[in-house]
Amino acid sequence: MKKKIPMLLLLAAPYAMLGGAALAFTGGRAGFALLAWALAFLLVFLPNMVYAFILPRKGYTQRQLLFWNMLLKLCNIPFYCLVFLMGMMMSVFVIPLLPIFILVDYTVLLPSTMYGVSGLLQARKARRVSTKALVANGIMQFMFCLDVCSAVYLYTSSRRANNE
């Protein structure tokens, strides 16, 4: 169970960060939103990016890494929808905030991507993924929407490979 705590925190962190930002903006303290993002990044997101590459040494298989990659990406879909909805409600006034939205979106995307990259590398070591698939899925992991397709494909194919 101890090995899963960082990933469980990673599941909740985007929503906590969004809640902190919503409270900050409704209270008129935009600086608090920046503080919420910085704390989430330093305490949850950044350590999880490193942890994804430590887990294989602790006995995690490629299938487990790819499962967490898929789960994290699927659970982040409502977060991205909420960010998109906020942007739509702000209309043209969102334009100056676009760099901030991009920063926040990639802050949430990168930790789950690292689980996918780590799982892909483990799958390549086990010769379950070709070099072409490694490169293609590795690139897809860094792109919005395609990352979810890649994560689902990688996990289902790893499951199928384990069943054979």
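This is a predicted model: local features need pLDDT of at least 70, side-chain atom pairs count only at pLDDT 80 or more; totals for chains, interfaces and linings use all residues.
Let's begin inside. In soluble globular proteins, nonpolar side chains tend to be buried together. In this model, the largest nonpolar core holds 28 residues, and those with the most contacts inside it are Met7, Met17, Phe45, Leu55, Phe79 and Tyr115. Two or more residues each are given to this core by helix 1 (5–26), helix 2 (30–54), helix 3 (62–75), helix 4 (77–90) and helix 5 (98–125). Helix 2 supplies the largest share, with 7 residues.

Apart from its neighbours within four places in sequence, Phe45 is in contact with Leu10, Ala13, Pro14, Met17, Ala40, Thr107, Val108 and Pro111. There is also a second, separate core of 9 residues, whose members include Leu66, Met70, Val129 and Leu154.

Now for the aromatic rings. With ring centres required to lie within 6.5 Å, the model has 7 aromatic pairs. One of them joins Phe79 and Tyr80: the ring centres are 5.5 Å apart and the planes meet at 70°, so this pair counts as edge-to-face. Both residues belong to an aromatic cluster together with Tyr15, Tyr106 and Phe144. Phe79 is buried because its relative accessible area is 0%.

Finally, turn to the loops. Ser91 sits between helix 4 and helix 5, and its phi is positive, near 55°, although Ser91 is not a glycine. Its relative accessible area is 45%, so Ser91 is partly exposed. Arg127, in the loop between helix 5 and helix 6 (131–140), is another non-glycine residue with a positive phi, about 60°. Arg127 counts as exposed because its relative accessibility is 71%.

Key. Residues are numbered from 1 along each chain as its sequence is written. Side-chain values use heavy atoms; hydrogens and water are left out. Rings of Phe, Tyr and Trp (its six-membered ring) pair if their centres lie within 6.5 Å; planes under 30 degrees apart count as stacked, over 60 as edge-to-face and the rest as tilted. Buried means under 20% relative accessible area, exposed over 50%, partly exposed in between (1.4 Å probe, protein chains only). A nonpolar core is a set of buried Ala, Val, Leu, Ile, Met, Phe, Trp, Tyr and Cys residues joined through side-chain atoms within 4.5 Å. Helices (H or I, at least four residues) and strands (E, at least two) are DSSP runs, numbered from the N terminus. Contact means heavy atoms within 4.5 Å.
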